[in-house]
Amino acid sequence: MLAVNYTNLRDNMKMYLDKVTDDYETMIVTRKDNKNVVMISEESYNNLMENIYIMGNKENYDWLMRGKAQLENGQCAVHELVEAENDE
(Lines give C-alpha, C1' and ligand atoms only; values in the text may rest on other atoms or scores of the structure.)
Protein backbone atom coordinates (compact mmCIF):
# COMPACT_ATOMS: atom_id res chain seq x y z
CA MET A 1 0.00 0.00 0.00
CA LEU A 2 1.29 3.41 -0.96
CA ALA A 3 0.77 6.63 0.96
CA VAL A 4 1.23 9.97 -0.75
CA ASN A 5 0.25 13.50 0.15
CA TYR A 6 -2.07 15.49 -2.07
CA THR A 7 0.64 17.81 -3.41
CA ASN A 8 2.93 14.93 -4.38
CA LEU A 9 0.00 13.15 -6.03
CA ARG A 10 -0.93 16.24 -8.02
CA ASP A 11 2.67 16.73 -9.19
CA ASN A 12 3.08 13.07 -10.21
CA MET A 13 -0.48 12.10 -11.09
CA LYS A 14 0.26 9.89 -14.11
CA MET A 15 2.93 7.88 -12.30
CA TYR A 16 0.69 7.23 -9.29
CA LEU A 17 -2.38 6.41 -11.36
CA ASP A 18 -0.29 3.94 -13.37
CA LYS A 19 0.86 2.28 -10.14
CA VAL A 20 -2.75 1.94 -9.00
CA THR A 21 -4.01 0.53 -12.32
CA ASP A 22 -1.00 -1.40 -13.65
CA ASP A 23 0.52 -2.70 -10.39
CA TYR A 24 -2.76 -3.09 -8.45
CA GLU A 25 -1.44 -0.84 -5.70
CA THR A 26 -3.82 0.65 -3.16
CA MET A 27 -2.96 4.27 -2.45
CA ILE A 28 -3.83 6.44 0.52
CA VAL A 29 -3.89 10.12 -0.32
CA THR A 30 -3.15 11.95 2.92
CA ARG A 31 -4.88 15.27 3.53
CA LYS A 32 -5.16 17.84 6.29
CA ASP A 33 -7.36 17.09 9.27
CA ASN A 34 -7.11 13.34 8.58
CA LYS A 35 -9.53 13.58 5.62
CA ASN A 36 -7.62 10.89 3.75
CA VAL A 37 -8.81 9.17 0.59
CA VAL A 38 -8.10 5.64 -0.63
CA MET A 39 -7.57 5.06 -4.35
CA ILE A 40 -7.93 1.67 -6.05
CA SER A 41 -8.30 0.69 -9.69
CA GLU A 42 -11.76 0.20 -11.19
CA GLU A 43 -10.94 -3.49 -11.64
CA SER A 44 -10.06 -3.83 -7.94
CA TYR A 45 -13.20 -1.92 -6.97
CA ASN A 46 -15.42 -4.19 -9.10
CA ASN A 47 -13.76 -7.26 -7.60
CA LEU A 48 -14.33 -5.89 -4.10
CA MET A 49 -18.01 -5.19 -4.82
CA GLU A 50 -18.48 -8.70 -6.23
CA ASN A 51 -16.86 -10.25 -3.14
CA ILE A 52 -19.05 -8.16 -0.85
CA TYR A 53 -22.14 -9.33 -2.75
CA ILE A 54 -21.13 -13.01 -2.63
CA MET A 55 -20.12 -12.91 1.03
CA GLY A 56 -23.26 -10.96 1.93
CA ASN A 57 -25.63 -13.54 0.45
CA LYS A 58 -25.62 -16.73 2.53
CA GLU A 59 -26.92 -18.93 -0.30
CA ASN A 60 -24.22 -17.74 -2.71
CA TYR A 61 -21.52 -18.07 -0.07
CA ASP A 62 -22.62 -21.58 0.93
CA TRP A 63 -22.76 -22.68 -2.73
CA LEU A 64 -19.26 -21.33 -3.30
CA MET A 65 -17.89 -23.03 -0.17
CA ARG A 66 -19.46 -26.39 -1.19
CA GLY A 67 -17.80 -26.10 -4.59
CA LYS A 68 -14.47 -25.24 -2.98
CA ALA A 69 -14.72 -28.25 -0.64
CA GLN A 70 -15.57 -30.54 -3.58
CA LEU A 71 -12.55 -29.28 -5.50
CA GLU A 72 -10.24 -29.72 -2.49
CA ASN A 73 -11.56 -33.29 -1.98
CA GLY A 74 -10.97 -34.22 -5.61
CA GLN A 75 -14.67 -34.41 -6.39
CA CYS A 76 -14.34 -32.78 -9.77
CA ALA A 77 -13.95 -33.78 -13.40
CA VAL A 78 -12.46 -32.21 -16.50
CA HIS A 79 -14.74 -31.93 -19.53
CA GLU A 80 -14.15 -30.82 -23.10
CA LEU A 81 -15.86 -27.58 -24.01
CA VAL A 82 -18.72 -27.94 -26.45
CA GLU A 83 -18.90 -25.24 -29.11
CA ALA A 84 -22.36 -23.78 -29.61
CA GLU A 85 -23.63 -23.81 -33.19
CA ASN A 86 -24.55 -20.46 -34.70
CA ASP A 87 -28.14 -20.24 -35.87
CA GLU A 88 -27.85 -18.10 -38.96
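Colleague: What percentage of the chain's residues count as buried?
Modeller: Of the 88 residues, 10% count as buried. Keep in mind that this is a predicted model.

Colleague: Let's switch to the secondary structure. How many helices and strands are there?
Modeller: The chain has 4 helices and 3 strands. Starting at the N terminus, the order is β-α-α-β-β-α-α.

Colleague: What do the strands form?
Modeller: They make an open sheet, ordered β1-β2-β3, with mixed pairing. The edges are β1 (2–5) and β3 (37–39), each of which pairs on one side only. From one strand to the next, the twist averages 25°.

Colleague: Which way do β2 and β3 run relative to each other, parallel or antiparallel?
Modeller: Antiparallel, and 3 bridges join β2, which covers residues 27–30, to β3. As one example, Val 29 has Val 37 in β3 as its bridge partner.

Colleague: Which helix packs on that sheet?
Modeller: That would be α2, residues 13–22, which touches β1, β2 and β3. The direction of α2 makes about 155° with that of β1.

Colleague: New topic: where does Ser 41 lie?
Modeller: Ser 41 is in the loop between β3 and α3, the helix covering 42–56.

Colleague: Is Ser 41 buried or exposed, and why?
Modeller: Ser 41 counts as buried because its relative accessibility is 6%, and the cut-off for buried is under 20%.

Colleague: Which residues does Ser 41 touch?
Modeller: Leaving aside residues up to four places away in sequence, Ser 41 touches Val 20, Thr 21 and Tyr 24. There is also a polar contact, at 3.0 Å, between the side chains of Ser 41 and Ser 44.

Colleague: Last one: what share of the contacts with a separation of 6 or more links residues 24 or more positions apart?
Modeller: Those pairs account for 25% of such contacts in the chain.

Terms used. Residues are numbered from 1 along each chain as its sequence is written. This is a predicted model: local features need pLDDT of at least 70, side-chain atom pairs count only at pLDDT 80 or more; totals for chains, interfaces and linings use all residues. Side-chain values use heavy atoms; hydrogens and water are left out. Two strands pair if DSSP finds at least two bridges between them. Helices (H or I, at least four residues) and strands (E, at least two) are DSSP runs, numbered from the N terminus. Axes are lines fitted to C-alpha atoms, for helices over the stretch in contact, and angles run from 0 to 180 degrees between N-to-C directions. Contact means heavy atoms within 4.5 Å. Buried means under 20% relative accessible area, exposed over 50%, partly exposed in between (1.4 Å probe, protein chains only). A polar contact is a pair of N or O atoms within 3.5 Å; within protein, one must be able to donate a hydrogen and the other to accept it, and residues adjacent in sequence count only if both atoms are side-chain atoms.
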